[in-house]
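Reader: I would like to go through the labels used for this model and hear the grounds for each.

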Amino acid sequence: MEFEPKIVSFLCNWCSYTGADLAGTSRMKYASNIRVVRVMCSGRVDPTFVLKSFREGADGVLICGCHPGDCHYHEGNYKCLRRYHFLKKYMAQMGLNPDRLKLAWISASEGKEFAQLADEMAETIKSLGPCKVKEEMEIFD
Amino acid sequence: MSTVVNPDLNAKLVKFGNKSEWNECYHCGNCTAVCSLTENENLFPRKVIRQLQMGLKDKFNSNIDPWLCYYCGDCSETCPRDANPGEMMMSARRYLTSVYDWTGLSGLFFKSVPALIIAFVLVAVSIIGVGYAKQFNLESIMEFGHVFEKMLIFSVVVLILIPNIFHMFWLTIIKEKIKAPFLLYVKGIWDLFLHMFTQKKSLKCEKNTFRWFEHLLVVFGYILLLITTVFLNWFSTENTYIIWFGYIVGGLVFIITFDFILERVKKKKELSKFSHPSDWLFVIWLFLMGFTAFIVRILIDTDLISNNLWLYIVHLIVIAQWGILIVPFGKWTHFLYRSFAVYFANIKSAELNS
Amino acid sequence: MVKQNSRAVIFQERMNSGLEKLEQFAGEFPEVKEVWFATDFSMKDKKSLSTRIKENGVEKIIVAGRSPGELKSFVSASLADAGKNPEDLTLVSVNGTILSDGDLLSVFKAKILCAVKDVHFELASDSPGNEVNKKTLVIGAGIAGIQASLEIANAGIDVTLIEKTGTIGGHMAMFDKTFPTLDCAACILTPKMVEVGQHQNIELLTYSEVLDVSGEAGDYTVKVFKKTRRVDLATCIGCGDCTEKCPVNVPSEFDAGTTMRKAIYIPFPQAVPNKYILDGDNCTYVQKGKCGVCAKVCPVECIYLDDKDETIEIKVGNIVVATGFKTFDAEKVERFGYGKYPNVLTSLEFERLLNAAGPTGGSIVFRSKDKKGNGIFEANSDSPERIALIHCVGSRDENYNTHCSRVCCMYSLKMAHLVKEKLPDADVSEYYIDMRSFGKGYEEFYERIKKEGIDIIRGRTAKVEEKNGNLVLRSEDIEGMKLIEKEVDMVVLSVGLEPGEDSQKLAKSLNILTDDIGWFAELNSTNQTVNTVRGGIFVAGVCQGPKDIPDSVAQGSAAAARVIQSVINSKVKKGLSDLSYNDIETKVNELISTEE
Amino acid sequence: MEEKRIGVYVCWCGTNIAKMVDVEAVAAKIAKLPNVVIAKDYKYMCSDPGQEMIVKDIKEHKLNRVVVSACSPRIHELTFRKALENAGLNQYMFEMANIREQVSWVHDNREEATIKALDLVKGAVNRVNFHEALDKRSVDINPATMVIGGGVTGLSAALELADAGNKVYLVEKTGNLGGHVANIDLTFPGLNSAAEVLEPLIYKVNNHPEVEVYLNTTIDEVFGYVGNFESTIKSGGKEYELKFGNIIVATGLTPFDPGKISSYNYEKLPDVITSLELEKMLKEGNVVKKDGSEPKKIAIIHCVGSRNADYHEYCSRVCCLSALKFSNQLRSALPETNLFQIYADMRAFGKGCEEFYASTSKKDVMFLMYDQQGDLPRISKAEEDAGYEMGIEFYEKLSGEDIIVPADMVVLMVAMEAHEEAKEVAHAVGISLCGNEFYIERHPKLDPVATTTDGVYIAGTCQGPKDIPDSVSQAKAAAARILASIARGTVEVEVTTAVVNEDVCCGCQTCIKVCPYTAISFDEEKNVSVVNEILCKGCGTCGSACPTGAIRARHFTDEQILSQIEGLFSKEMQEV
């Protein structure tokens, strides 16, 4: 059976979640690998959430927020951007391919962009293969 | 060197046109773009309007562009501000006529209707005076008439028209420091005559075809009438061909000019919406010339002329007024200036492009 | 203090027949010494007035007429020249668009009275007013109407919101991004729409129109025509099965005709109410009695094909009018070839084309034809490479509309930017007369767009023609001093705004006035922009004159302030047309006695 | 600890969900999860019978947590929350799983869709285990309002509020009410008297029982939060303690100093004046040169200090029309004088303004266009015998000529600038400035008068250049907001705010730095951060920045989100 990765996606309530809903109301089809977790702002995405996702068995993590300047809370998305860069470095140090994490800006009108993004992300993760973190961590369990 | 703007030129131009409507222009460039005749070197009417508004007198006096417009009315119809650029171009031509005219009479006649009336009356009185001197003898008056016409043509051309054309040449070419090789002038001569008689360029304004045709007929009719009466001596000839030919051209002139007059009365078309006194004079006198000549010849053919001497005198008055006033100082000059403008413009653009 | 019997009244012109007696009327005041006409003086010579001021011992001048402001500086210069205080001067203006002829005379007289007695007309016409019915009617559910409704409803006041179409949202819902911040219109509008839909104080009547209004300020009875949706709002679950089966295709209003919709449809996915509408005019069953397939497939049986329209009556205290606009019909300007060349688009069509939720999902493509030959846009068609945007189509033009539509410059710049974003290699050019980027952040946006490789050319395009399969436009490049004859693939006409089709009818039934163009007339263009001549009737948004989103929102809120205030006070102020000359005279005397 | 009893409801949404997701299987599997008491599927959960079913089950099965798996929470979260309240359960004990917009409508493989739906429901169930009851909170609104600035905007706002019977404290820095409008002669485009607008306003404000006017007064500091502000002001030697619920800032503008543009020689050449000076002359009916003689040629230069990166990039919005108005007035006062308008783009955008532009252009005014971003016009003294005082030299864009405009008087249409004290007021009331020193609004389009600080509104030219009607509209809009909140009596504050666990907080103050609403302050004594729950909007940024996990974003707590992630991957019933 082909590898079907699981991707956890953190979407901000104001732009990206609405954008994902729009993809639905517009009946755009995309890969079913995405599992959405709604947060109020991309600034709420704690690095722990991302690491926890990998720990629990996610093969990839996608964070989406409002476009720069559009944040409902002024600058939460900028905070998220900083943590994202930090996380990427951290993941590399841990031996986790940083490509498994992606940050993108999706506005409430970008249903189509969200669908494309979901497909692209699924493709990327498929090419990277399953994430081994969970298995490797099981020795501690 | 910067030019000082001058708000007074604007007011001066008002006297040559209808109103100062062109002040309303907000420079959208619509007129220039909608015009079928504009080219990169000749951005009219907007640039002409601009020179007028700003009072750039020297630039404006050296500008050929007003003569390149054949007044199809597109610009005025589509003008978003009712600034009436078409009529403004017409006024600009009247003004330029007065600029070129060394005698200054042209400007006086355009601006002052009383002066015009006085001049017309004077001419009429002089002709009647000649008649009186000839004791109202038909034959000697007709003889005088025939000589007078020839003299008139010669002196108007030599004394007024040629100097004015040179003046125009000086303003638009020399003063603008255009140094074109002589060969260009020679090459352009064919075009000059072609445009003079056919106004070929106006065909580019699509809806002008019929008007162009009418114009062409009038021009040829007028020239042929001139030739038949002056050089073929229509009123004295026995040659049937010439007689019939005279009838045709004479009829042609007055029938078409009658149509022109009707249009101006109806004011349906953009170009005939506004008529300056000089426009009325031009068409009416053209009509009268054709019409009186036609009638005179009919009277000759029916041997009624001796009883209708006054009719010939009227014809002679019309011819004299036309020749002395309208041709050198009135709208007739447009025919000449326009053709030379095309000629100069071609030389100018050839020189600028080389 | 100006001495008694030292005032002069100057009438700007001899008024038309109905106002003849004004001269006599003004002359009868004991305070008035002289009554003059502007035609008595030479406007070129201030001595002509100043000598008369001196001769007659005039100390204060009242200038009255249709636009007395034009004389103001002449008169104050004359006063100064005569050694008097130039500020002892009152302007009394009557404007035909503010008042109908019948009321004109009494208001004009009242204004003269106030000027003569040194009382401000605004104070004298400030009446205590009637008891108010707390319920409020808002007509039109575009952004201005939505804002006003929410504002009023949030104050705990019941609002009935009437909308002509099947959904609220108005034109703003059709837009993609909004200038200058480029945030998407849907993102900022749909939450408001949902709030309206769920607000406990708002009763939403979509697919309804106002037929007639009677009564007076504070107590209006409104007849509302409710077109039937033929779909029960309470039970419809918005599943869309009906639409899938419906055999009828008609151009979609919401998509500005860029795509087709069915006869039973939902205007757009985020519509509020998010329920289907059966468009009776295009339904085969309603028109011919055949079909009815939608009712058969409906899983909750909420379609009632034989429903009839109804007329209801509601009683309200205040009315906010926010009926918006329609766009200029570009076919009127024949030389741009709209309707003749398929790829000449109006800006509204282009807006849908750019919209990520539009017919093509936001890709810019050529117009193609569907099976029946309707021009539509399909996502997989080719994209144009050269796009031109023409400003001021139907605006600032004596041949069409004289007014400036206020938003076109900015939305055109926005569109140019979006084109560049979607098609980075596209050749985008814009043709304008004056760039009117006046609002907050607008000029900065303009500067930003200029740097994006877009040709922004001063010069109004004169014509668009098709030559060898290409569109060729002709324009003067005024700053470049050259003519432009440019081949392009697509032309976007930035059409202006016009009063809505029914605005005259509505003005009549509300008994409010419109200006020459047809926009609803405000009471006073300086500080009473939401009031009308009638008490308790307010205007907001574009129906009062072209406006962008922030200004419409501010006006919607301003109208709401008036409503909330009157409800809190339980009183609504009378309008100008409800006041008589005697009312004002009484108030003037009252004010004078309190002063003393 | 109370027993967790969860009810799960899976919606068919007709065939919308059921077609692509095996809803019955989902419900059956979920029923086996720990704490799940009941799991049902139903055709339309949002319908009345669907909601009644939930209410009934809550009562019958003593459910204390509910998960509905249906459409987007953006559509029906509120609907179901209300149902919970009807059943006497706290509305936050609810979670929704979106299996329509984000599952059935976007996938075309039924098996995969069902797996995904199951995962999402598992996540939601796991999350709801950690939900806690939150109470809606509201604060009382003090109906009094402080209006800062006594210009036409402040006056209009004050009257709008006071006419509805509310106390207004109007604070004005100078000794007079009226602001800049007091110096204006006529308004555009109607050429009406500005005094006719302003004087009644001032009269009404001065005679209004509900308005207290404090002249020559400035605001140093404001304490409190929406509904309950307080400030101490000094006026006329006395101190006043004022308490108010809302603030309207209408501090207006200041004119640009044209002395900054050297080529205009302002104050060096006697007859180069600003638009304000001309306004005064027109009002006094005496337009003369400094030497007392009548100017024969007057030039008006637009965009002085506007639309030029060296001074201000923005457009000042009113100068074009003011300049046209001047042309009309000068034509009336000095009929023979030559008038020149030196402009960049004619921005006649308001109602009736384009028509005003057209009618002005018929009044013998010469319009000349210059490049406001390029070389600015140079004004210099003309030669003795030139017949005019000054020459204005520049490149004219519409003709392409370098020209000199002769002038005896030059009027500079100066830009509007933010008030020099805008910063201090901003600091006092807790609002921010945008790049141009104007106040920044909460949302440029949908909320042009609110600020990011609740209870503080901005109106008029302090938010950006505007004309009188637009300023007055904004004043009224701000008043509408305040009236609505006064009418409600209370203002609801966000419940899903952040809260600090003082035992865990290490006092590093990272949270204070990241908070966009300055809602977090530092308690020096306890050495911990404190969240002002009224200012907090619940974005949760602080929660993810806190190194010790001391800050919790209510309803989006770490444990809630982490457990949701766990739920997504929980091993139970992996295969369908």
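**Grounds for the labels**

Reader: What makes Cys511(D) buried or exposed?
Author: This is a predicted model. The relative accessible area of Cys511(D) is 7%, and buried means under 20%, so Cys511(D) is buried.

Reader: How many disulfides does a search of the whole structure find?
Author: Zero, over all chains.

Reader: What is the state of Cys242(C), buried or exposed?
Author: Cys242(C) has a relative accessible area of 8%. The limit for buried is under 20%, so Cys242(C) is buried.

Reader: Why is strand β1 of chain C called largely enclosed?
Author: The strand covers residues 7-11, and five of the five are buried, so the rest of the structure largely encloses it. Arg7(C), Val9(C) and Phe11(C) point one way, Ala8(C) and Ile10(C) point the other way, and all are buried.

Reader: What makes β1(C) and β2(C) a pair?
Author: Pairing takes at least two bridges. Five bridges join β1(C) to β2(C), residues 32-37, in the parallel sense. Within this pair, Phe11(C) stands opposite Phe37(C).

Reader: How many bridges join β1(C) to β3(C)?
Author: Five, and the two strands run parallel; β3(C) spans residues 60-65. Here Val9(C) faces Ile62(C).

Reader: Which chains have the most contacts?
Author: Chains C and D, among the five pairs of chains that touch. Chain A and chain B do not touch, and their nearest C-alpha atoms are 36 Å apart.

Reader: How is chain B divided?
Author: Into domain 1 (9-100) and domain 2 (105-352).

Reader: What area do domain 1 of chain B and domain 2 of chain B bury between them?
Author: About 3,300 Å², with 64% of it on carbon and sulfur atoms. Of the area that domain 1 of chain B buries against domain 2 of chain B, Ile64(B), Tyr70(B) and Tyr100(B) supply 25%, more than any other three residues. In contact terms, 31 residues of domain 1 of chain B meet 38 residues of domain 2 of chain B.

Reader: What makes Asp279(B) and Arg94(B) a salt bridge?
Author: Their side chains meet at 3.0 Å, N to O, and the limit is 4 Å, so the pair counts as a salt bridge. The rule finds one salt bridge across the interface of domain 1 of chain B and domain 2 of chain B.

Technical notes
Residues numbered from 1 in each chain as written. Chains lettered and ligands numbered in written order. Predicted model: local features only at pLDDT ≥ 70, side-chain atom pairs only at ≥ 80, totals over all residues. Heavy atoms only, no water. Disulfide = S-S within 2.5 Å. Buried < 20%, exposed > 50% of the residue type's maximum accessible area, 1.4 Å probe, protein only. Helix = DSSP H or I, 4+ residues; strand = E, 2+ residues; numbered from the N terminus. Contact = heavy atoms within 4.5 Å. Domains from an automatic or database assignment. Buried area = accessible area lost by both parts, 1.4 Å probe.
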